[in-house]
Amino acid sequence: MWIKDRHMWMVFVLPGVILLILVLGWPAITSILYSFETEQAGDAAYTLANYKSLLKDPFFSTTFWNTTVFVFFSVALHMILGLAVAMVLNSALPAKPMFRVIALLPWVVPDVVAGIIWKWMYDPIYGALNDLLIKIGLLENPIEWLSNPKLAMTSAILVNLWRGFPFVMLILLAGLQSIPRHLYEAAAIDGAPKLQQFIHITLPGLKKMIVVALALDIVWEVRRFGLIQAMTQGGPGVLTEVLSTYTYKQYFKFFRFEYASAISVVMTIVLLLVSLPYIWMISQEE
Amino acid sequence: MKHNGKIHAMPGDYMTMVLFYNTAMFEAAGLDPNKPPKTTDEFLAYAKKLTRDTNGDGKVDQWGFGTVGAKSPGFSMRFGPFLWSFGADYLTPDMKRSALDTPEAKEAFAFFVELYTKHKVVPPGLTAMNPQEVRTQLAQKKVAMIMGSGWTPPIVNKINPDLNAFEVLQCAPAPVKRKQATAIWLSSWVMSPSTKHPNEAWQLMKFITSKDIELKWFVDNRVTSSRKDVSGVAPEILNDKFASVMASQLPYGKVEPQIKQWPEIMDTFTTSLQEAIVGMKSPEKALSEAHERINAILAR
């Protein structure tokens with residue numbers, strides 16, 4: 001054989017490296033270059049014009065703020081609901097596998113499909129949600145979930161809560177199962193109440209898993225696109241416009257490739273910053 | 001289709017936007033189905049009569065007019081006829097500036113917004129409505145009138161065959177304020193200049209745009225041909241109750257500006273319209289913001 005055994009790993013790694021360069025490296029570099037170009041000048045001159053316009057674009061600042069609100073509440077609620085469901089599923093529950101599958105179901109639904117389903121459920125005329133709330137007497141008249149300016153963002157976050165909590169639940173459930181049972185038994189013998197056990201055994205035991213779930217969930221929710229695109233397309237007005245839908249619009253609808261690239265570069269920088277703790281943690285383990 | 005003396009595309013089909021209405025719902029509301037609304041005032045009066053409580057539970061469950069309010073390409077096709085009929089336009093004739101600061105534009109904008117906010121003749125949830133959802137409202141007898149074209153009856157029929165769309169639906173020219181106007185949809189066949197098979201592509205285009213196939217498209221899908229020797233002579237099209245109305249509107253039709261900024265201009269416009277519809281801003285303020293923003297886009 002002309003390749004020495006100790007160099008064989010290169011052959012195995014090579015296809016992966018090439019693929020990564022093609023599908024990640026090349027588009028990333030092109031986007032960064034694009035973001036410094038202008039439509040008029042092309043790549044003849046690299047300027048900061050797009051970034052300057054970003055700072056002046058009132059829609060961009062609104063969109064940035066909307067994204068922050070959307071991501072903060074989505075992730076916070078994912079964490080709370082995910083942990084609660086994980087603890088229920090980790091307890092002595094009959095028919096556990098069945099409940100685990102049920103809890104995972106929302107996550108299996110692609111987010112565009114989730115958006116379409118919920119748009120129908122929210123519909124003020126035929127929607128199942130209004131119908132249910134009116135029938136049980138909680139509502140007098142149907143609510144315009146996606147058109148009421150005070151409710152639109154909340155409605156979008158609610159759908160995202162339903163769609164996204166199973167992922168956090170899954171990670172935290174794995175974490176819970178790795179906490180040794182005898183810690184709880186010892187604490188129980190010493191007479192520690194459940195709350196104390198939760199604070200001093202469960203939470204510290206889950207720390208790493210929580211960081212992992214937080215980092216991944218934040219990155220995913222910032223990129224969340226199909227859900228909002230299918231439900232509101234950013235409306236009413238720009239109340240539910242987030243960075244992902246705004247970038248999509250600029251690129252694919254308005255053909256402003258350079259400007260859209262600048263937005264996605266800013267988005268990437270923000271995401272890198274928020275995932276630093278996660279990257280740091282992983283690098284610590286090696 | 002020619003530009004500077006060179007042929008750029010082969011015309012395919014054309015569509016003009018017209019007002020579709022449910023004759024049975026007209027009768028139930030005491031309106032004559034043979035006398036569709038001609039003016040925007042009549043249209044509003046009809047819409048008010050058609051907005052009612054049909055099952056007696058004290059809540060409105062049927063609305064006069066269904067329309068698109070989402071940021072969708074289908075929006076401008078349905079709003080344009082109103083704007084143009086009021087004597088206004090989106091842009092100046094040279095397409096360099098916004099023309100939305102005219103009194104006519106303000107009037108048209110307020111008319112459309114108030115259909116929802118003041119007169120409540122449009123069902124709730126307008127800002128989230130896409131064309132297919134509006135057609136569903138017509139198919140499910142939730143609304144009595146919508147703007148549509150040749151594709152409307154077959155799609156509505158597919159959504160709810162029980163409605164008997166081809167029988168019960170009727171169409172009429174878009175309601176008039178100052179002048180008859182509507183939006184035109186044109187499709188065309190274009191060949192890539194870098195194709196390796198220009199002859200085959202040309203054969204295909206000739207076949208697709210041939211008399212027989214253009215007529216077959218109408219019979220199968222209600223798509224009206226741009227060919228005068230098809231749409232102007234075929235009895236299937238001339239005697240069709242929908243196609244004849246659409247053909248009568250061709251002289252009043254307008255095509256939206258074919259400029260690169262158009263999608264962004266329309267998105268900006270719809271954003272402002274939605275803000276007026278949900279009551280975040282007054283119609284005047286929303287429209288003047290749209291005017292400024294569109295000028296900024298065109299000045300870029």
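A word on the model before I continue. This is a predicted model, in which local features need pLDDT of at least 70 and side-chain atom pairs count only at pLDDT 80 or more, while totals for chains, interfaces and linings use all residues. Residues are numbered from 1 along each chain as its sequence is written, chains are lettered from A and ligands numbered from 1 in the order in which they are written, and side-chain values use heavy atoms, with hydrogens and water left out.

I begin with the interface. Contact here means heavy atoms within 4.5 Å, and 29 residues from chain A meet 29 residues from chain B. A polar contact is a pair of N or O atoms within 3.5 Å; within protein, one must be able to donate a hydrogen and the other to accept it, and residues adjacent in sequence count only if both atoms are side-chain atoms. The rule finds 13 residue pairs in polar contact across the interface, both residues being at pLDDT 80 or more. Helices (H or I, at least four residues) and strands (E, at least two) are DSSP runs, numbered from the N terminus. On the side of chain A that touches chain B, the elements giving two or more residues are α5 (111-122) and α11 (243-253) of chain A. The largest share, three residues, comes from α11(A). By type, that side of chain A divides into 13 nonpolar, seven polar and nine charged residues. In this scheme Ala, Val, Leu, Ile, Met, Phe, Trp, Tyr, Cys and Pro count as nonpolar, Asp, Glu, Lys and Arg as charged, and the others, Gly among them, as polar.

Next, the salt bridges. A salt bridge is a side-chain nitrogen of Lys or Arg within 4 Å of a carboxyl oxygen of Asp or Glu. The structure holds 22 of them over all chains, and six cross the interface of chain A and chain B. I shall also speak of burial: buried means under 20% relative accessible area, exposed over 50%, and partly exposed in between (1.4 Å probe, protein chains only).

Which residue of chain B does K253(A) pair with? Its partner is D267(B), with the closest N and O atoms 3.7 Å apart. K253(A) lies in helix α11 of chain A and D267(B) in helix α13 of chain B, so this pair joins two chains. K253(A) is partly exposed at 25% relative accessibility, whereas D267(B) is buried at 6%. A second bridge links R256(A) to E264(B), at 3.5 Å between the closest N and O atoms. Both R256(A) and E264(B) are buried. Through shared partners, salt bridges join E241(A), K249(A), K253(A), K71(B) and D267(B) into one network.

Within chain A, K135(A) forms a salt bridge with D131(A), the closest N and O atoms being 3.1 Å apart. These two are four residues apart in helix α6 (residues 128-135) of chain A, and are therefore separated by about one helical turn. K135(A) is exposed at 67% relative accessibility, and D131(A) is partly exposed at 37%.

I turn now to aromatic pairs. Rings of Phe, Tyr and Trp (its six-membered ring) pair if their centres lie within 6.5 Å; planes under 30 degrees apart count as stacked, over 60 as edge-to-face and the rest as tilted. The whole structure has 34 such pairs over all chains. In one of them, the rings of F109(B) and F269(B) have centres 5.7 Å apart and planes at 80 degrees, so the pair is edge-to-face. F109(B) lies in helix α4 (residues 103-117) and F269(B) in helix α13 (residues 262-277) of chain B, so the pair ties together parts 160 residues apart in sequence. Both F109(B) and F269(B) are buried.

Finally, some backbone details. Most residues other than glycine have a negative phi, and most peptide bonds are trans. What kind of peptide bond joins G235(A) and P236(A)? The bond is cis, with omega about -5 degrees. P236(A) sits in the loop between α10 (226-231) and α11 of chain A. F255(A), in the loop between α11 and α12 (257-274) of chain A, has a positive phi, near 60 degrees. Thank you for your attention.
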